[in-house]
Amino acid sequence: MIKGLGIFAWFGYVMPASRRLELIKEAGFDAVSLWWEDEEEGDKYYILDSARKMKLEVENIHLPIEGCDDFWHKDSAKRVAAVSKYLAWIHDCKMHNIPIMVMHVSNNNTSLEPCIEGINALSVLAEEAEKCGVMLAVENTQGQERFIPYVFSQIKSPNLGFCYDSSHDWLLSTQKTKLLNRFGNRLTVLHISDNDGKEDRHWLPWEGIIDWNLVASNIPACFNWYLTLEVFPKLKEEPFAFLVAANERAAKLRNLIDIQGTSI
C-alpha cells in the first residue's frame, strides 16, 4: 500500500526553499524529495532540516547527474573517482537518516555500453549501501533499455532498487511500462509526471499523453513507499493553487493504483 503523497521540493517556482516547503506542507503533501546540491538560501543540510521541522518526511535525495556515465568508462581512474563520490553520498544518507538515494547510471554518452567494469563499480556502492542501511534507486533514463536490465541482472543486492520515471518511460522506451512490469519487485521510488511525447515537460498527470491506467496497472500492490510527483506548472498560476491541484492529481492516481495495481 502506498505510504503517502510526495513531491519534489523544486516545483518550478523561484522562491526561498523554506517557503516552497511550507507551501508543500500546507497543500497536504506528506513527503518531499530533495535535489542534493546547495541553493542560494542555504546548503542542502539546511534545506533537509527545514523540511523536517515542517514535519515533512524526506523520502529520498536525488543525486547530481554529472559524471554518472563514468561508471562505464574505459578509464579506470574515472570509475574510481565516480565510486568515491557516490560513496560519500551514501555516507551522507546514513549520517542524516535519509532512507533512499536516487541515482542515474546513464545519461547522454551514447558511445558507452554496459560492461563488467561498471558492474564492479556499482557493486561497491551496493555493498556499502547494505552496510549503511541505505537504499539505492536506479532511475530509468537515457539508455534505459540497455543499462537497467543489465544492472539488475548482475547485481542482486536487496539495497539496489528501481526508480520509475513515467515521463522518461514515455519518451525513451520502445514498449511503455515494460521496465516497470519487469522490475516492479524492485520498485522503490516513483517519479510521476506527464508529457506531450516530445519533451520531458514535468506536467501534472492527465495533462499530457501518458496512459495512467497502464501505469497504475503495472505498479505492484506491495509498493509501500510514497507516490511522488516531479512536476512543474503547465500554465502560469499561483504556486499554492498549483500545489493543491498537484495533490489532487496525486490522490487520484493513488486511488487508481489501489484499484488496478498488480500483485507480484
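Ala, Val, Leu, Ile, Met, Phe, Trp, Tyr, Cys and Pro count here as nonpolar, Asp, Glu, Lys and Arg as charged, and the others, Gly among them, as polar. By that scheme, the lining of the largest pocket has eleven nonpolar, nine polar and eight charged residues. The model is predicted, with local features needing pLDDT of at least 70 and side-chain atom pairs pLDDT 80 or more, while totals for chains, interfaces and linings use all residues. Residues are numbered from 1 along each chain as its sequence is written, and side-chain values use heavy atoms, without hydrogens and water.

**Largest pocket**

- Of its 28 lining residues, Phe-8, Trp-35, His-62, Ile-65 and Glu-230 are the closest to the centre.
- A pocket is an open set of points on a 1 Å grid over the protein atoms alone where a 1.4 Å probe fits, with protein on both sides within 12 Å along at least five of seven lines; lining residues have an atom within 4 Å of a point.
- Helix H1 (17-26), strand S2 (31-35) and helix H6 (166-172) each supply at least two lining residues; helices (H or I, at least four residues) and strands (E, at least two) are DSSP runs, numbered from the N terminus.

**H1 and H2**

- The axes of H1 and helix H2 (residues 44-53) come within 10 Å and cross at roughly 25°; axes are lines fitted to C-alpha atoms, for helices over the stretch in contact, and angles run from 0 to 180 degrees between N-to-C directions.
- H1 is therefore roughly parallel to H2 (angles under 35 degrees).
- Ala-17, Ser-18 and Leu-21 of H1 contact (heavy atoms within 4.5 Å) Tyr-46, Ile-47, Ser-50 and Ala-51 of H2.

Notes
Parallel < 35°, antiparallel > 145°, perpendicular 65-115°, else oblique.
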